[in-house]
Amino acid sequence: METSVLTAAPNGVAIAYRDSAPTTGYHPVPVLLVHGMGGDGRTWDRFARSLLAAGRRVVAVDLRGHGRSARAASYRFDEFGADVLGLCEHLGLETVDLVGHSLGGHTGSLVAQQRPGLVRRLVLEEAPLPLRPGDPPPVLGGRLPSPAELWHASTNLLRNPRATFAFDRSMTGSAITQFRAPNPMWWERLPRITAPTLILRGGPGSMVDPTRLTAAVDVLGDVAVHDFTCGHSIHRDRHREFEATVLPFLTD
């Protein structure tokens, strides 16, 4: 999918994005796609084509420190959220359906908490849920990637080497520290999310803790959970299942 890369700097950091409009049909609510850590907006190309075919405008963002966006001095989670909110304001978007993977999903949850009226539908793909005070520290990893996951990862590197080389690895330590620290404010603000929410888990090895997932589901008013039998990148490794689950949710 060839679309011009545009930039905006809502918070002083140049944020790259691609804005694609359908050629036939038109749904009034755009879909905002937010990638995970280490990727960029091109991870959504296949899904974006399906959205365009369904008459949806698609905005795929590169988070700060990723893809064609600028690197930054700081990578706090609230800054990722502020960048996405600022981009929506820059584009004049009053309502969006937001789909986020991993870090992008956590970013989406922050956007939906801060601006509930902006997000009509929220999809959180393998987005780690923050710790609550008293929770044991998370155990990351513990499962070797399957041959299919290794194949997809290696071919993705060949298709889109820019994401790998552009990624600012200095954020890794910051992200891990933030994910390992309790975040009571996130839990306090969770009831602010009013959008119907779809949470996707990748099965064995998922980064979505089941205990915290149960707690989040109890708080969210309109939420569905869908489990897959793959790893962390559902939209890449189980694309057809992902699409069959997410497209109907976004077209309700």
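Helices here are DSSP runs of H or I with at least four residues, and strands are E runs of at least two, numbered from the N terminus. On that count, the chain in this predicted model has 10 helices and eight strands.

Some overall figures next. The chain has 252 residues, and 52% of them count as buried. Its accessible surface is about 11500 Å². Carbon and sulfur atoms make up 55% of that surface. As for contacts, take those in the chain with a separation of 6 or more: 78% of them join residues 24 or more positions apart.

Now the cysteines. How many disulfides does the structure hold? The number is zero. Two cysteines to look at on screen are C88 and C230. C88 has a relative accessible area of 2%, so C88 is buried. C230 comes out at 6% relative accessibility, and therefore counts as buried too, because the cut-off is under 20%.

The last item is D40. Where is D40 found? Go to the loop between strand 3, residues 31-34, and helix 1, residues 45-53. D40 is buried, yet has no salt bridge. The nearest side chain of opposite charge belongs to R42, and is 5.8 Å away.

What lies 3.0 Å from a polar atom of the D40 side chain? That is the backbone nitrogen of R42.

Methods:
Residues numbered from 1 in each chain as written. Predicted model: local features only at pLDDT ≥ 70, side-chain atom pairs only at ≥ 80, totals over all residues. Heavy atoms only, no water. Disulfide = S-S within 2.5 Å. Buried < 20%, exposed > 50% of the residue type's maximum accessible area, 1.4 Å probe, protein only. Contact = heavy atoms within 4.5 Å. Areas by Shrake-Rupley, 256 points an atom, 1.4 Å probe, with all protein chains shown as cover. Lys, Arg positive; Asp, Glu negative; His and termini not counted. Salt bridge = Lys/Arg side-chain N within 4 Å of Asp/Glu carboxyl O. Polar contact = N/O pair within 3.5 Å; in protein donor to acceptor, adjacent residues only side chain to side chain.
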